[in-house]
Amino acid sequence: MTSYMGKKIVIVGLGLTGLSCVDFFIARGVIPRVIDTRSVPPGIDKLADNVECHTGSFNTQWLMEADLIVSSPGIALATPELRAAADAGVEIVGDIELFCREATAPIVAITGSNGKSTVTSLVGEMAKEAGWQVGVGGNIGIPALELLKPSFKQSSCQLYVLELSSFQLETTYSLWAAAATVLNVTEDHMVRYPEGLAQYSAAKLRIYDQAKVCVVNAQDELTLPMASKDSRCISFGVGHGDYQLDSERQQLIVNQQPLLSTQEMCLTGQHNYTNGLAALALADAVGIPREASLRALRTYQGLAHRFQVVHMRNGVRWVNDSKATNVGSTQAALSGLTLEGTLYLLVGGDGKEADFTPLRPYILGNNIRLYCFGRDGNQLAQLRPEISRLTDTMEQAMREIAPKLIAGDMVLLSPACASLDQFHGFEHRGCEFARLAEELG
């Protein structure tokens with residue numbers, strides 16, 4: 001356990017993660033300072049009176065005086081104020097680094113452009129099914145440091161399962177994962193990574209640095225460790241890998257042995273079947289009994305806003321995939337998707353300067369109609385103008401679609417974009433879709 005007594009600690013960024021860092025240090029007898037560039041940051045009302053807080057800008061003096069800076073994952077290390085502190089020799093870490101220095105149970109670490117929340121929660125369910133005490137958190141749900149608190153109901157964890165973003169991995173150095181995976185790498189957050197996909201991928205691949213087992217995507221070379229595939233690697237994929245989906249027989253297969261029919265799973269969609277394979281590989285790697293993992297695969301229903309059927313009537317399915325905030329996630333939703341009728345695909349929002357052209361192969365054929373909305377809707381409509389309809393909002397598009405629907409059709413919200421141009425977040429967008437589906441369906 002690392003001692004921080006006598007250290008000058010500065011936490012940059014409040015919110016749930018920042019507050020968890022404040023609590024972490026106070027519990028160890030250290031009163032940190034807090035900086036947030038927002039005028040009224042979330043959580044400021046929960047700070048103790050003896051915690052100094054500077055808002056509205058960086059406090060350069062505090063940063064330069066610090067022994068340790070704990071930075072929010074949302075703030076780039078390239079920010080001039082942080083770079084100046086680093087150049088002056090100040091150590092900069094994130095909350096995951098603090099967690100890794102303290103955790104005594106094995107850690108399963110999960111990242112990727114898409115699917116990481118589903119795989120994280122599914123591995124957690126596999127462990128619970130086996131009767132293990134498991135802490136699930138990180139970039140999903142509970143901040144990692146909360147899992148260490150005595151008040152946490154599973155404080156004597158046998159296993160931690162962490163979802164980690166590329167931003168969190170940038171400031172993590174002491175992660176010795178029992179098993180780690182990069183599920184996939186597709187273009188995302190390019191504003192944060194001006195050097196392109198290679199820079200983004202390198203941040204993700206840090207998860208493997210000290211991992212005992214690396215679970216890699218057999219169909220995505222960008223998920224391999226930097227030194228290429230090595231003896232630590234176990235692979236998954238469609239028709240490829242140690243853990244594979246037989247798409248013809250619709251079975252999950254491990255080392256050539258059929259284990260489970262996809263018809264036995266609550267999850268649907270090829271991308272979710274490969275998520276299940278990745279979760280199973282991780283669970284096997286840390287010794288979760290196989291039968292418990294298979295029981296979880298049969299009963300796990302997935303997370304909200306992730307290819308979730310929210311309404312079905314008269315043979316029409318309304319599917320909420322609002323969590324598809326990048327191109328790769330929408331590609332995953334469309335890959336292997338078959339239906340009897342017409343697919344009405346809702347796309348649009350803030351594209352985060354992404355290239356939408358990789359979607360073109362997925363929107364061919366005569367049984368698809370594209371409804372584009374939001375800030376980058378016009379750019380998406382140019383992918384295939386002859387089947388596209390441009391509206392200002394998602395609601396306008398859904399009201400136009402509803403009278404056209406017949407049995408066998410699907411209305412799929414898989415936007416390939418962030419939501420903040422018109423919504424509070426992807427959850428808000430998904431809830432609005434579900435509300436309107438219920439009304440219009």
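This is a predicted model: local features need pLDDT of at least 70, side-chain atom pairs count only at pLDDT 80 or more; totals for chains, interfaces and linings use all residues.
Numbering runs from 1 along each chain as its sequence is written, and side-chain values use heavy atoms, with hydrogens and water left out.

Over residues 305–417 the chain is 19% helix and 27% strand, taken as DSSP runs (helices H or I, at least four residues; strands E, at least two).

Next, the cores. A nonpolar core is a set of buried Ala, Val, Leu, Ile, Met, Phe, Trp, Tyr and Cys residues joined through side-chain atoms within 4.5 Å, and buried means under 20% relative accessible area with a 1.4 Å probe, protein chains only. The largest has 50 residues; Phe 25 is among those that touch the most other members. Helix 1 (residues 15–26) gives the most to this core, five residues. Apart from this core lies another, of 39 residues, including Val 119 and Ala 283.

On helix 9 (residues 290–299), the buried residues are Ala 292, Ser 293, Leu 294, Ala 296 and Leu 297. They pack against helix 5 (116–129), strand 13 (251–254), strand 14 (257–261) and helix 8 (270–285), with contact meaning heavy atoms within 4.5 Å.

Helix 8 turns up again at the lining of the second largest pocket, giving the largest share, three residues.
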